[in-house]
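Here's a structure to talk through, question by question.

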Protein chains: 2
Amino acid sequence: MKIVLLGSGNVATHLGKALSAAGHQILQVYSRTRAHAEVLAEGLGAAAIDHPSEASMDADAYFIVVKDDAIEEVVSQLPRRLKGVVAHTAGSVEMDILKPYLDRYGVFYPLQTFSKTKAISFSAVPIALEAVDATAYGVLEQLADGLSDRVFPCDSKQRLSLHIAAVFACNFTNYLYSVADNVLRSHNLDFSLIRPLVLETAQKVMEHSPRDVQTGPAVRRDRITMAKHAELLSDQEDLRELYLLLSERIDEITHPGTGF
Amino acid sequence: MKIVLLGSGNVATHLGKALSAAGHQILQVYSRTRAHAEVLAEGLGAAAIDHPSEASMDADAYFIVVKDDAIEEVVSQLPRRLKGVVAHTAGSVEMDILKPYLDRYGVFYPLQTFSKTKAISFSAVPIALEAVDATAYGVLEQLADGLSDRVFPCDSKQRLSLHIAAVFACNFTNYLYSVADNVLRSHNLDFSLIRPLVLETAQKVMEHSPRDVQTGPAVRRDRITMAKHAELLSDQEDLRELYLLLSERIDEITHPGTGF
């Protein structure tokens, strides 16, 4: 298929490369910053454009891969009466934001964290799809099936819940890694010491439900250890508070209805 | 070396197997539950014993691998004047708890989460060592070096901080996976959808510092998305509260001193 990519950040770059590798033709790349569009366009054998209104009328699909609060502006600047399907790629933006401007539209949400420097195998990335009608859905599905083994329909509210789950399982988890790093540093120890534990913890839930593999002082109700930990954290009140809160929450879910 | 294993739980089992595979001879296994001692002893070619007082006088090392609050009792029941080194394996128990009972003692703390069903490659497991003197340290170091590529000295306070870091990076992280599972289920979505994200999040910090790869609405100060998330969580007040607290903390560490 012929594709126009509107955006040039991490997600746009990974998506553009994956679509290109799957045999699709990226016609154009738009970025607010001309230089960024040019770099990505060159890598994809596409043309850089300066404004969404310059988008080709010949594409089968247009991907809006910009910051959430820029989606509506970019869409409003696209040429009228496009025959292709226009899809945004955001977790927490309703599909209907596109409705006033378009007839054929949808959402194409790849659930993964994308880095500038790290390659991603798209085949394992779940892609959540939503579209205004079956025809538009079919186009997005065909594109998604070429990239990923895990393509599924998902309405805007479910997609929002997916994004929330991703914030807990990715962004907040990474924050806890930072806290661990902070605790280790303050005792002259290196974060590399807990890397094997971090990886094993993630690998455990690849096959198990997280509730079934919960370990630690809180699930054992080991109050002596928890008290020692709280005491060592007493000079970092914010961490002590978080330690106690999360311990209490683990106790609640693993011993429901028994009180702390 | 000749080794006596006091304990038969997950850590004792993994440690016993690893020591045996490294060529050491496990003489005896003690457990409060005779049947557990027998199962593990049989697998290791060792004898099961009913009481710590039956421990052989001939061992080079004695590993106390029982619950924290049972360590002192087990040690107090060992025969007097052992020539071998006695080590406990707990993260949050001071070495000096062994002092009243022994001359040659130390701590051998493998930093990993051990499951009943999942094999662990000990070579990547950091082992923190502490000992009363250089001779005892040397014995523990020789044993640890045979199992792991990452053996390091660590005093009791540092070891406590290691354990705290492990609680944040493993136990609390797993709790966040449970929260994600909970959010997904309540919108008829499956936890398997975020497994690739969980793994990628852990893999990212294998090479990077977690602070350098923090992503998400909080670090972008994307208040519109955060408000949407908080609203969808409004019927689960405990999760909404946790969402807002962790978002605030991420904002604080990534934009220090600028206020939320």
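**A strand, its sheet and the partner chain**

Tutor: Let's begin with β5(B): B:V85 and B:A87 point one way from this strand, B:V86 and B:H88 point the other way, and all are buried. Buried means 20 or more other C-beta atoms within 10 Å of a residue's own, with C-beta atoms placed from the backbone. In a regular strand the side chains alternate between the two faces of the sheet. Strands here are DSSP runs of E with at least two residues, helices are runs of H or I with at least four, and both are numbered from the N terminus.

Student: Before we go on, what am I looking at, and how is it numbered?

Tutor: It's a predicted model, where local features need pLDDT of at least 70 and side-chain atom pairs count only at pLDDT 80 or more, while totals for chains, interfaces and linings use all residues. Residues are numbered from 1 along each chain as its sequence is written, and chains are lettered from A and ligands numbered from 1 in the order in which they are written.

Student: Which residue stands opposite B:Y62 in β5(B)?

Tutor: β4(B) and β5(B) run parallel and are joined by four bridges; strands pair if DSSP finds at least two bridges between them. The chain gets from β4(B) to β5(B) through helix α3 (residues 71-76) of chain B, in a right-handed β-α-β crossover. Right-handed means that, with the strands pointing away from the viewer, the path from the first strand over the helix to the second runs clockwise. Opposite B:Y62 you find B:V86.

Student: Which element gives the most to the side of chain A that touches chain B?

Tutor: The contact takes 73 residues from chain A and 73 residues from chain B, where contact means C-beta atoms, placed from the backbone, within 7 Å. Among the elements giving two or more residues on chain A's side are α6 (195-204) and α9 (237-254). The top contributor, with 25 residues, is α5(A).

Student: Why call the two copies related as by a two-fold axis?

Tutor: Chain A can be laid on chain B with an RMSD of 0.0 Å, by a turn of 180° and a shift of 0.0 Å along the axis. That superposition is by least squares on C-alpha atoms of residues with pLDDT of at least 70 in both copies. The copies are therefore related as by a two-fold rotation axis.

Student: Is B:V179 buried or exposed?

Tutor: B:V179 lies in helix α5 of chain B. Leaving aside neighbours within four places in sequence, B:V179 is in contact with A:F168 and B:L239. With 24 other C-beta atoms within 10 Å, B:V179 is buried.

Methods. Contact = placed C-beta atoms within 7 Å. Buried ≥ 20, exposed ≤ 12 C-beta atoms within 10 Å, placed from the backbone.
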